[in-house]
Amino acid sequence: MEKVLAAVKTGPSKIEIQEFPMPEVPADGALLRMEVAGICGTDVKMYKQPLARGPVIMGHENIGYITKAGAEFTRRKGFKEGDLVFVEHYVGCMKCEWCHQGEYRHCENTDWRYNPDGIRYGYTSADKPPHLWGGFAQYAYLPWNSVIHKVPAGVTPELAGLVTPMANGIEWSLFDGGVGYDSVVLIQGPGQQGLSQTVICKQAGAKLIIVTGTSKDAARLEVAKALGADFVIDVQKEDPLERIMEITGGRGVDVVLDCTAGAGTFPILLGVEACKRKGGVIVMQGEMPEFPNFPIAKVTLKFITLKSARGHSYRACELALAQIASGRFPLEKVTTHKFGLKDVDLAIRSVGNEGLPDVIHASLMPWM
């Protein structure tokens with residue numbers, strides 16, 4: 001029987017190359033030959049954590065060619081063998097209220113945190129047949145309820161690997177944050193997510209974009225400027241609030257987008273202070289278990305709207321693909337490094353600033 005190689009997380013910060021059987025493809029299923037699995041900050045955090053429900057093939061930003069498709073899969077979804085596609089990591093039930101609203105990201109069927117049977121690419125246990133539920137493998141399995149997008153002609157698999165952070169950028173800044181023409185925006189964190197937000201806010205017509213980072217982010221802050229940031233601030237060299245108020249003439253910002261990782265309460269506290277006098281918006285994506293002394297009185301006084309950033313929608317993915325295909329921004333500055341299957345550990349550590357220097361978005365290419 002033909003075998004599939006995959007990099008499997010078998011413990012905290014531990015990867016093993018393992019073999020899995022090539023799955024049978026039913027009439028309503030398909031098989032994806034992986035080309036690129038993007039590695040993001042979530043992977044860095046997840047890699048260090050204990051196993052939740054057994055070994056897992058990580059990789060949730062997945063691009064590949066449909067190499068085998070059942071007749072019902074093709075009829076139902078409109079995709080055929082040979083198509084280059086982006087696969088969302090959510091696998092909803094397609095029957096519940098959330099799915100019928102098109103918000104399958106909130107479906108219980110894909111809620112890997114609380115549903116032991118939940119299916120989500122990059123998070124579901126490899127013990128669950130047919131095992132190939134992550135992009136750090138030569139192939140991934142596509143069930144009938146997978147959500148797939150056609151990659152536009154002329155877009156390379158490597159650039160298409162940016163769809164997930166770009167789609168998050170659209171969802172969080174445009175749909176959740178309301179960024180648009182004449183907006184003043186503070187983006188905290190110049191990683192791949194913050195840089196994607198920079199592109200999207202610039203495309204949306206933001207008047208002023210400020211991006212913050214730390215001294216180790218010097219190269220990323222330079223990329224932020226190349227992608228449209230008007231000002232960048234090293235929070236270890238300057239007082240960020242003082243500088244933001246100087247840049248905005250004391251007015252503050254309309255929207256704060258928190259794209260930091262592991263920065264504690266500081267980004268939100270800064271965001272509250274940096275918001276304009278009344279009616280600012282803060283979009284948060286952190287997962288701190290608690291927030292001591294949260295400044296609720298100031299949030300209320302300033303009439304700030306707090307929103308939780310959580311994934312992306314189908315429309316955001318389609319718009320992200322169109323944005324990448326437009327070629328308007330030098331996104332090749334974000335896709336900085338390529339790694340093979342045997343180098344997953346180095347790739348993840350590098351994205352987390354613990355391996356190779358100046359890595360922004362890493363492309364894991366299983367066949368390299």
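Select strand 12 and strand 13 (residues 305-308), which pair in the parallel sense over four bridges; strands are DSSP runs of E with at least two residues, helices are runs of H or I with at least four, and both are numbered from the N terminus. Two strands count as paired if DSSP finds at least two bridges between them. Within strand 13, K307 is the bridge partner of V283. Next, follow the chain from strand 12 through helix 10 (residues 296-301) to strand 13: this β-α-β crossover is right-handed, a term for a path from the first strand over the helix to the second that runs clockwise when the strands point away from the viewer.

This is a predicted model, in which local features need pLDDT of at least 70 and side-chain atom pairs count only at pLDDT 80 or more, while totals for chains, interfaces and linings use all residues. Residues are numbered from 1 along each chain as its sequence is written, and side-chain values use heavy atoms, leaving out hydrogens and water.

Helix 9 (residues 266-274) carries the chain from strand 11 to strand 12 in a right-handed β-α-β crossover.

Move to helix 5 (residues 163-176), which is largely enclosed by the rest of the structure because 12 of its 14 residues are buried (under 20% relative accessible area, with a 1.4 Å probe and protein chains only). Among them are W172 and D176. After helix 5 comes G178, with a positive phi near 75 degrees.

Terms used:
Buried means under 20% relative accessible area, exposed over 50%, partly exposed in between (1.4 Å probe, protein chains only).
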